[in-house]
Amino acid sequence: MIETPTKKRDEAVGKSQRGTEESVAVKWILISVALAFCVVFLMLPLVNVFVQALAKGWSFYWAALTHPDSWAAIRLTLLVSAISVPLNVLFGFAASWAIAKFEFRGKSFLITLIDLPFSVSPVVAGLMFVLLFGLQGFFGEWLDARNVHIVFAVPGIVLATVFITFPFVARELIPVMQATGTEQEQAALTLGANGWQTFWHVTLPSVKWGLLYGIILCNARAMGEFGAVSVVSGHITGQTDTMPLRVEKLYNEYNGQAAFAIASLLALLALVTLGLKTLLEWKQARDYRAASAASIPGGTP
Amino acid sequence: MATTDRALAAYRLTFLASLIAAVVNAVFGTLLAWVLVRYEFPGRRLLDAMVDFPFALPTAVAGLTLSSLFAANGWLGRFLVPLGIEGAFTPLGVVIALTFVGMPFVVRTLQPVLQNLEREIEEAAATLGASRYRTFSSIVLPSILPAILTGFALAFARAVGEYGSVVFISGNKPYQTEISPYLIFMRLEEYNYTGAIALAVVLLLFSFLLLGAINLLEQWSSRFEH
């Protein structure tokens, strides 16, 4: 969008643009090197997953996926993401709402805190939960006395996943909410809407694409998280193995093809995530264009 | 606990491999961002979407497929291993995995900056007789350098903590291809909590130092925004 006027002018000026553009040879060398890098580091690894997964044929592939332990891993991964994504939507909405619409003490501290899971190694994150809830941990004895198992059980996996995926929704929502400001909510309240109506009819529609975007990224990470989950899971086959952990176990058992079969599902998830993300970006850009063309400030369809 | 020979070897590998991977990403990320913003060519939009692939792909899958690509019978390994370039189960493998996971950072920090760069300044430089190379090195590069450094620091920070992709490709041999996060994991498996905490504190301190550096860099780079 921003490029268009410059580009049009460049075309009009014709040959006199030579000073601001590389020669054709340099341009194509740069493009070729960039493409070569992407083929080696992006395309080959992706294609390899599917080729290896199907190397022994469809029946082997199907058998690997429907193996009871693999099936249990798939179900556990779906369960963990079904719990952690809605929780993080709730937390993310609350946090970004507070940051974008209100002024309060410790706001910059909260912003730093939201980014914390991005800067901590997943293994260290997992370690924190073991130290808190493990048998020898801070709450360990208290929990054990009440027969509550968190570490080496499903609750620990959910906790670690919630921690790791916490920033995604909040980080997508904060800039969108900051950009829309509070005028529209104030207008809605002045016109007699109650708080819930304002939220449902004004706030939510204005951030819907950012929210969806955050949910998609959050879900991809929740299903694919390895390091933190690996530390707290205990690796009990059929019980606390998520899909990425199952991939590692099969790989260590020298069952590469079965590992690739599970991995192909996760790679598919990554492709769907990328596709939806691109679609959302496109829709968002179209909405902004429509809104600015109608020249109604903030007029979302 | 934090300074045993094995721990020191693991830090050295973690930091050196992360540094090399971040440098590779800074160079190729800048090239990629430039090509994506400045040039029109078939497949540009697909390439732009694919840049985020390392973010979307679970790290375990990345490690699995990279180790199979660079193994002696893999698609790349069968050409590279006879040349003496062994990518699987070597320190080079660690660098390869870390380069993969850190790839999008430089591209995504640099892209908006390049898009907002005013072409008029370059035109002025050209009018005043500067060569294209001169324009790039004394006009363009200084204004995009903060963004490149921010992307570099982000990729570096991510690489230091990375676990999933590395454990598949490195082989995790103590003193040779064992990274710090893996050593923490080993200490935990041995129920040696003190050892694990000691190592984790060193990694955490380093993460926070980098986080501070990234904040400073972001402040510096926003000087050029308007």
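Biologist: In which hand of crossing does H6(A) pass H11(B), left-handed or right-handed?

Modeller: This is a predicted model in which local features need pLDDT of at least 70 and side-chain atom pairs count only at pLDDT 80 or more, while totals for chains, interfaces and linings use all residues, and side-chain values use heavy atoms, without hydrogens and water. Residues are numbered from 1 along each chain as its sequence is written, with chains lettered from A and ligands numbered from 1 in the order in which they are written. A crossing is left-handed if the near helix is turned anticlockwise from the far one by less than a right angle, and right-handed if clockwise. The crossing in which H6(A) passes H11(B) is left-handed.

Biologist: How is H6(A) oriented to H11(B)?

Modeller: The axes (lines fitted to C-alpha atoms, for helices over the stretch in contact, with angles from 0 to 180 degrees between N-to-C directions) of H6 (residues 122-133) of chain A and H11 (residues 193-221) of chain B come within 11 Å and cross at roughly 140 degrees. Angles under 35 degrees count as roughly parallel, over 145 as roughly antiparallel, 65 to 115 as roughly perpendicular and the rest as oblique, so H6(A) is to H11(B) oblique.

Biologist: How many nonpolar residues does the contact of H6(A) with H11(B) have?

Modeller: Residues in contact (heavy atoms within 4.5 Å) include Leu127(A) and Leu131(A) of H6(A), and Ala200(B) and Leu204(B) of H11(B). By class, this contact has no polar and no charged residues, and its nonpolar residues number ten.

Biologist: How do H3(A) and H14(A) lie to each other?

Modeller: H3 (residues 58-66) and H14 (residues 256-294), both of chain A, pack with their axes 9 Å apart and at an angle of about 75 degrees. Phe60(A) and Tyr61(A) of H3(A) are among the residues making the contact, as are Ala261(A) and Leu265(A) of H14(A). H3(A) and H14(A) are therefore, to each other, roughly perpendicular.

Methods: Helix = DSSP H or I, 4+ residues; strand = E, 2+ residues; numbered from the N terminus. Nonpolar A, V, L, I, M, F, W, Y, C, P; charged D, E, K, R; others polar.
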